[in-house]
Amino acid sequence: MTRKLFWDDPYRSALDTVVASVDGETVRLAETIFYAFSGGQESDHGCIGGLPVLEARRQGHDIAYTLPAGHGLQGGMPVTVEIDWPRRYRLMRLHFAAELVLELVCARCPGIDRIGAHIGADKARIDFAWPQPLTPLLPDLHGQVSALIEADRPIISAFSDAANERRYWEVEGIARVACGGTHLRRTGEVGVLALKRRNVGKGKERVEILLADG
């Protein structure tokens with residue numbers, strides 16, 4: 001099982017570790033800070049042993065990384081893992097902003113169903129099954145989210161079941177949510193954001209979340 005240090009310290013951008021196994025272009029590490037796509041959050045970008053990671057994917061409790069052909073790595077070799085930190089930090093900020101929006105929308109619209117989500121480095125989106133436009137709710141939602149951000153509340157992130165790698169985030173008095181992503185330490189780190197509504201089909205509503213710093 002790959003030890004996932006991005007949960008212990010999601011602010012870490014470099015790690016010295018060893019290669020656990022190699023199968024062609026697929027490499028597994030003893031431990032990693034390189035997040036693989038899960039729960040709608042995109043994979044990190046970066047390098048292993050100076051080589052670009054072409055794909056990162058979860059395989060049970062392991063993470064498999066695809067490197068360029070002829071990478072030359074072998075099991076037991078020491079390597080340095082480096083991630084694109086500015087991109088990771090944007091993902092963390094957008095991820096948590098999306099989580100707050102989701103909780104508030106569900107509270108305001110009982111019975112609404114989340115049918116999709118994606119967290120990218122440029123924006124996040126949440127898709128809902130809902131029969132009417134969410135546009136009238138956006139000003140109040142923006143105000144509520146902004147108030148939580150400005151309050152700069154601490155964010156708890158921990159295991160609910162370590163053996164099965166089940167995790168959660170919590171802002172006390174607001175919500176406790178199952179989530180295995182990488183999370184901020186405080187709500188204030190999200191910064192100023194914008195919300196937009198998109199119509200993506202009959203009975204479907206999309207809320208996009210963007211950071212004001214571009």
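Reader: Is Asp 8 buried or exposed?

Author: This model is predicted: local features need pLDDT of at least 70, side-chain atom pairs count only at pLDDT 80 or more, and totals for chains, interfaces and linings use all residues. Residues are numbered from 1 along each chain as its sequence is written, and side-chain values use heavy atoms, with hydrogens and water left out. Buried means under 20% relative accessible area, exposed over 50%, partly exposed in between (1.4 Å probe, protein chains only). At a relative accessible area of 52%, Asp 8 is exposed.

Reader: Which residue forms a salt bridge with Asp 8?

Author: A salt bridge needs a side-chain nitrogen of Lys or Arg within 4 Å of a carboxyl oxygen of Asp or Glu. By this rule the count comes to 18 salt bridges. In the one made by Asp 8, the closest N and O atoms are 3.9 Å apart, and the partner is Arg 3.

Reader: How many residues apart are Glu 42 and Arg 87?

Author: Their side chains meet in a salt bridge, at 2.6 Å from N to O. Helices (H or I, at least four residues) and strands (E, at least two) are DSSP runs, numbered from the N terminus. Glu 42 sits in the loop between strand 4 (31-32) and strand 5 (46-48), and Arg 87 in helix 2; the pair links distant parts of the chain, and the separation is 45 residues.

Reader: Which burial class does Arg 87 fall in?

Author: Glu 42, at 23% relative accessibility, is partly exposed. Arg 87 comes out at 9%, which counts as buried.

Reader: How many residues apart in sequence are the parts that Asp 213 and Arg 93 tie together?

Author: The side chains of Asp 213 and Arg 93 form a salt bridge at 3.0 Å, N to O. Asp 213 lies in the segment after strand 16 and Arg 93 in helix 2, so the parts tied together are separated in sequence by 120 residues.

Reader: Now the helix. What end-to-end distance do the C-alpha atoms of helix 3 give?

Author: The expected span of a helix is 1.5 Å times one less than its number of residues. Helix 3 (residues 138-150) has 13 residues, so it should span 18 Å. The distance between its end C-alpha atoms agrees: 18 Å.

Reader: How wide an arc do the buried residues of helix 3 cover?

Author: The buried residues are Leu 138, Leu 141, Val 145, Ser 146, Leu 148 and Ile 149. Taking the directions from the helix axis to the C-beta atoms, they are on the same side of helix 3, because their arc is only 160°.

Reader: Which elements do those buried residues pack against?

Author: On the other side of helix 3, Pro 139 and Glu 150 are exposed. Contact means heavy atoms within 4.5 Å. The buried residues of helix 3 pack against helix 2 (85-108), strand 15 (193-199) and strand 16 (204-211).

Reader: What is the bridge partner of Asp 16 in strand 9?

Author: Strand 2 (residues 14-23) and strand 9 (residues 78-83) run antiparallel and are joined by five bridges. In strand 9, the partner of Asp 16 is Thr 80.

Reader: Which residue in strand 11 stands opposite Arg 114?

Author: Strand 10 (residues 113-119) and strand 11 (residues 124-129) are antiparallel and share six bridges. They form a hairpin with four residues between them. Opposite Arg 114 stands Phe 128.

How values were computed
Pairing = 2+ DSSP bridges.
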